[in-house]
Amino acid sequence: MPSPTPHEALIYLMVITSASDRDMTDVELARIGDVVRSWPVFEDFKQDRLVPVAQACQKLLHEKDGLEGVLAQVAEALPERLRDTAYAAAFEVAAVDLEMRMEEVRVLQLIRRQLDLDTLTVAAIGRAAKARLRTLT
């Protein structure tokens, strides 16, 4: 299978994060759609490709190299300047339901290690997402 494009790599990380606990909730799937529709990095992505890209990711996860193979492909496909954006997209999906399961935490750790993100960047992304998603009640 050919290497993913940067858009596909970003989507792969969101799918991996959502699927990490084996329960891709409607809220998480909706957030993936929201990110693809509203983030500037996706402005030239054809949104009708979202489902096929997500399905391709799921197929790759079931291949021999599994999660590690997908993460390696993602790291190769993403330019350095998009690595923090990629982590932010994955974190968005993990945090959207306002509870972070251990499986999601573990996948986020693997992503930040594979993308070689520093601690301050990771902390800033996490704090910003939590602040953005907070409700009054």
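Guide: A salt bridge is a side-chain nitrogen of Lys or Arg within 4 Å of a carboxyl oxygen of Asp or Glu. This is a predicted model, in which local features need pLDDT of at least 70 and side-chain atom pairs count only at pLDDT 80 or more, while totals for chains, interfaces and linings use all residues. Residues are numbered from 1 along each chain as its sequence is written, and side-chain values use heavy atoms, with hydrogens and water left out.

Visitor: Why is the contact of Glu8 and Arg49 called a salt bridge?

Guide: The N to O distance between the side chains of Glu8 and Arg49 is 2.4 Å. The cut-off is within 4 Å, so the pair qualifies. Helices here are DSSP runs (H or I, at least four residues), numbered from the N terminus.

Visitor: What makes Glu8 buried or exposed?

Guide: Buried means under 20% relative accessible area, exposed over 50%, and partly exposed in between (1.4 Å probe, protein chains only). Glu8 has 15% relative accessibility, so Glu8 counts as buried. Arg49, with a relative accessible area of 31%, is therefore partly exposed.

Visitor: How many salt bridges does a search of the whole structure find?

Guide: The search finds 6. One of them joins Arg31 and Glu92, with the closest N and O atoms 3.3 Å apart. Arg31 lies in helix α2 and Glu92 in helix α5, so this pair ties together parts that are 61 residues apart in sequence. Arg31 is at 19% relative accessibility and so counts as buried; Glu92, at 3%, also counts as buried.

Visitor: How do you know that Arg37 forms a salt bridge with Asp34?

Guide: The closest N and O atoms of Arg37 and Asp34 are 2.6 Å apart, and the pair therefore meets the salt-bridge cut-off. Both residues lie in helix α2, 3 residues apart, about one turn of the helix. Arg37 has a relative accessible area of 52% and is therefore exposed. Asp34, at 31% relative accessibility, counts as partly exposed.

Visitor: Which residues are linked in a network of salt bridges?

Guide: The network links Arg31, Asp34, Arg37, Glu92 and Arg132. As a general point, side chains of opposite charge can pair when their charged atoms come close.

Visitor: Why is the aromatic pair of Phe42 and Phe45 called edge-to-face?

Guide: Rings of Phe, Tyr and Trp (its six-membered ring) pair if their centres lie within 6.5 Å; planes under 30 degrees apart count as stacked, over 60 as edge-to-face and the rest as tilted. The structure holds 2 aromatic pairs. In one of them, Phe42 and Phe45 are 6.0 Å apart centre to centre with 70° between the planes, which gives the edge-to-face label. Phe42 is buried, with a relative accessible area of 2%, and Phe45, at 6%, counts as buried.

Visitor: What makes the pair of Tyr87 and Phe91 tilted?

Guide: The ring centres of Tyr87 and Phe91 are 6.1 Å apart and the planes are at 45°. Tyr87 counts as buried at 1% relative accessibility, as does Phe91 at 7%.

Visitor: How do you know that Arg22 is buried or exposed?

Guide: Arg22 is at 81% relative accessibility, so Arg22 counts as exposed. The place of Arg22 is in the loop between α1 and α2. Its C-alpha atom is separated by 26 Å from that of Leu117, 95 residues apart along the chain.

Visitor: And where does Lys64 lie?

Guide: Lys64 lies in the loop between α3 and α4 (66–77). Lys64 counts as exposed because its relative accessibility is 83%. Lys64 and Phe42 are 22 residues apart in sequence and 30 Å apart in space, C-alpha to C-alpha.

Notes
Helix = DSSP H or I, 4+ residues; strand = E, 2+ residues; numbered from the N terminus.
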